[in-house]
Amino acid sequence: MASKAILFSYTNYPQLTANLQEAGVKMGTDGMLRHGSFTFDLQGISRAASHQIVRHRIASFSQQSQRYVRVTRSYGYLKPPGIPEDLKVPVEIQGHKLELNFTDVMDLTRQAEEGLAAKGIKAEDARYLRPNAATTNIVMSMSPRQLIHFFNLRCAPDAQWEIRDLAWSMYAAVRLAAPQVFGPLPAADESDYIKKRVSIVDDLVRKGQDGFSGTPPGELFRLELHPMLELVHPVETFVRHY
Amino acid sequence: MRVRLVGYEPDLERVCAAAMRSCYSPHPGYELFTHTSQDKVLDGEKIFDAERIGGLLKRALELGHYDILEHNSITWLAEADEKEILFLMESSKFFETSQIDEKRWLITTNLRVLVELARSANHLPLTNELVGTLNEAAPIIASALAMPTARG
């Protein structure tokens, strides 16, 4: 199942700048970077990725609880594409030798967590079995200035593949939603990889502009990134149109 | 008027309520945010109408679960002196300020900071003026802050 990055709330810069102009104040790009907020709903991302995301400051996060959301209702997992489906590894459990692939291990941990819960163990304890691959949902808000810092670090070629895919998806979303605030990434000056991909995002955003403008207010526009912008795993990218 | 509200995100209280509920629901934040009619069924979830949003936000205020009120930004053009601005900047990492001219400042923060300032014993008249502009952007929070609380 694909992860999703939905930009569903963000500062309405045309409105903000118009209100300031009425008061005789002109807002430059630096002002726009400081005075605003962008809120994403990141769905179906791994706990490995969310652990990296919540390291960023200054930002706000509301993440799905593993205590209150019962395991049987929402537990998915994300398999790294770098691990072949048919790759098996030998394990030994109580004298029994087994050959397990990634999916088998996920199934085992899920069964064990459900089994503990069925025996009356509290969810807050049973969840200790949950692997980093387990998916989660998180609502995240950042100012434009912080987002640029996040993109500079996480769009880099040496960033981990899942958060890098998310960062590029989020970058494309904010470019579409607020072109007056977000331009090429500063890191593009030092990286041909980033420079090339920023240029691809430019093209994709330009192509998406008409569809976005024509999206009814309050509805989501889906920004198609694949296959132009190569991602390691699918991230469906959406922007709410005001 | 010393304080003029110039920017905020649309539906910001609905965003905060959806963020709050997303912590305890198998359904993600945006699905909750748009669960506004019976046409869309979300297992185990009530319709996300004004009553539901109000209930969640009031619960957050009661519990002191202010984090969920951070998912927004509100911007004012304000006449203030440097002491007042310094007070605001010292009160929270979430304040952004830009000086426009000798007297005027652009101030941005979020609902969480406003709630905490409004509920603290030590605040400036400027805080009340900022909170006083919330009726349009955040009517539920504005109404809750206008009511007497246990902390006075």
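Gln94(A) is found in the loop between β4 (89-93) and β5 (96-100) of chain A; here helices (H or I, at least four residues) and strands (E, at least two) are DSSP runs, numbered from the N terminus. Please bear in mind that this is a predicted model, in which local features need pLDDT of at least 70 and side-chain atom pairs count only at pLDDT 80 or more, while totals for chains, interfaces and linings use all residues. Residues are numbered from 1 along each chain as its sequence is written, chains are lettered from A and ligands numbered from 1 in the order in which they are written, and side-chain values use heavy atoms, with hydrogens and water left out.

Most residues other than glycine have a negative phi, and most peptide bonds are trans. Is Gln94(A) buried or exposed? With 75% relative accessibility, Gln94(A) counts as exposed; the classes are buried under 20% relative accessible area, exposed over 50% and partly exposed in between (1.4 Å probe, protein chains only).

Asp11(B) sits in the loop between β1 (3-8) and α1 of chain B, and at 34% relative accessibility it counts as partly exposed. As for helix α1 of chain B (residues 12-22), 11 of its 11 residues are buried, so this helix is largely enclosed by the rest of the structure. Among the buried residues are Glu13(B), Arg14(B) and Arg21(B).

I turn to the cis peptide bonds. One joins Arg57(A) and Ile58(A), with omega about -10°, and Ile58(A) lies in the loop between α3 (47-53) and β3 of chain A. Another runs from His226(A) to Pro227(A), with omega near 5°; Pro227(A) belongs to the loop between β7 (220-223) and β8 (235-240) of chain A.

Next, the aromatic residues. Over all chains, a search of the whole structure finds 14 aromatic pairs. Rings of Phe, Tyr and Trp (its six-membered ring) pair if their centres lie within 6.5 Å; planes under 30 degrees apart count as stacked, over 60 as edge-to-face and the rest as tilted. Tyr13(A) and Phe38(A) form a stacked pair, 6.3 Å centre to centre with 25° between the planes. Tyr13(A) lies in helix α1 of chain A and Phe38(A) in strand β2 of chain A, so the pair ties together parts that are 25 residues apart in sequence. Both Tyr13(A) and Phe38(A) are buried. They also belong to one aromatic cluster, whose members include Tyr10(A), Trp168(A) and Tyr242(A).

Finally, the interface. In contact, meaning heavy atoms within 4.5 Å, are 42 residues of chain A and 38 residues of chain B. The two chains bury about 3,200 Å² between them, 56% of it on carbon and sulfur atoms; buried area is the accessible area (1.4 Å probe) that two parts lose on being put together, summed over both.

How many salt bridges does the rule find across the interface of chain A and chain B? There are 4, a salt bridge being a side-chain nitrogen of Lys or Arg within 4 Å of a carboxyl oxygen of Asp or Glu. One salt bridge in the model links the side chains of Arg34(A) and Glu96(B) at 3.7 Å, N to O.
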